[in-house]
Amino acid sequence: MSPQPFRTPSDESLAPPRQASEAELLRAIASGSEPAFEELRARHRRAVRSVCRAVAGSEREDCEQEVFARIWGKAALFDPARGSASAWLLTLARRTALNQLAARRPPTPVDQEPVAGAVEPNGVDAFWLETALQRLSEQERAVIELAYYVDLSDSAIARRLRVPLGSVKSWKRRGLNRLATLLEEEPP
């Protein structure tokens, strides 16, 4: 994070209201609001932790820190016309975790590459993720699994499921929002 001037008690008016939407918080973060950042972090800490634990494993803490550092630096890139803030945050968390995982691994020889390019979560993390996925609708679960386990684009998912692209995007957005909520319910 870039250094911010010390705020005095009279600056409390700069703090976002607790009922501010994630999109409003991201706009405030893009303007350098630390209170908005702390509010967003408090709301999404558990969901980010779950994604990092599922993908990065033992490097979970470093992953979480990197995710929130990226949120701070990239908040201005969030476009509400392209999807929900929760989906953007979880996608950023997943991509960050996958990047960290890839950086730690030695390159796989071409003849030994896995068929599916997805990273499978292990143990307890897989249990929580699978439990949350089972609570989604069939369409939402299918789209999320194809996007994140098979690593298909929205267009490829629409072709595979033989549904309109808009349906895929809607199911994915709703599913990711619900998944974020469900993962936050997970016990610590």
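Phe37, Phe68 and Trp72 form one aromatic cluster in this predicted model. Rings of Phe, Tyr and Trp (its six-membered ring) pair if their centres lie within 6.5 Å; planes under 30 degrees apart count as stacked, over 60 as edge-to-face and the rest as tilted. Three aromatic pairs are found in the whole structure. For Phe37 and Phe68, the ring centres are 6.3 Å apart and the planes stand at 90°, so this pair is edge-to-face. Phe37 belongs to helix 2 (residues 34–56) and Phe68 to helix 3 (residues 60–74), 31 residues apart. Helices are DSSP runs (H or I, at least four residues), as are strands (E, at least two), numbered from the N terminus. Phe37 is buried at 3% relative accessibility (buried means under 20% relative accessible area, exposed over 50%, partly exposed in between; 1.4 Å probe, protein chains only). The rings of Phe37 and Trp72 are also edge-to-face, with centres 5.4 Å apart and planes at 85°. Trp72 lies in helix 3, 35 residues from Phe37. Trp72 is buried. Phe68 is buried, with a relative accessible area of 3%. The charged end of Arg41 sits over the ring of Phe68, 4.7 Å from its centre (CZ of Arg or NZ of Lys within 6 Å of the ring centre and within 35 degrees of the ring normal).

The chain has eight helices and zero strands. Of its 188 residues, 39% count as buried.

Residues are numbered from 1 along each chain as its sequence is written. Local features need pLDDT of at least 70, and side-chain atom pairs count only at pLDDT 80 or more, whereas totals for chains, interfaces and linings use all residues; side-chain values use heavy atoms, with hydrogens and water left out.
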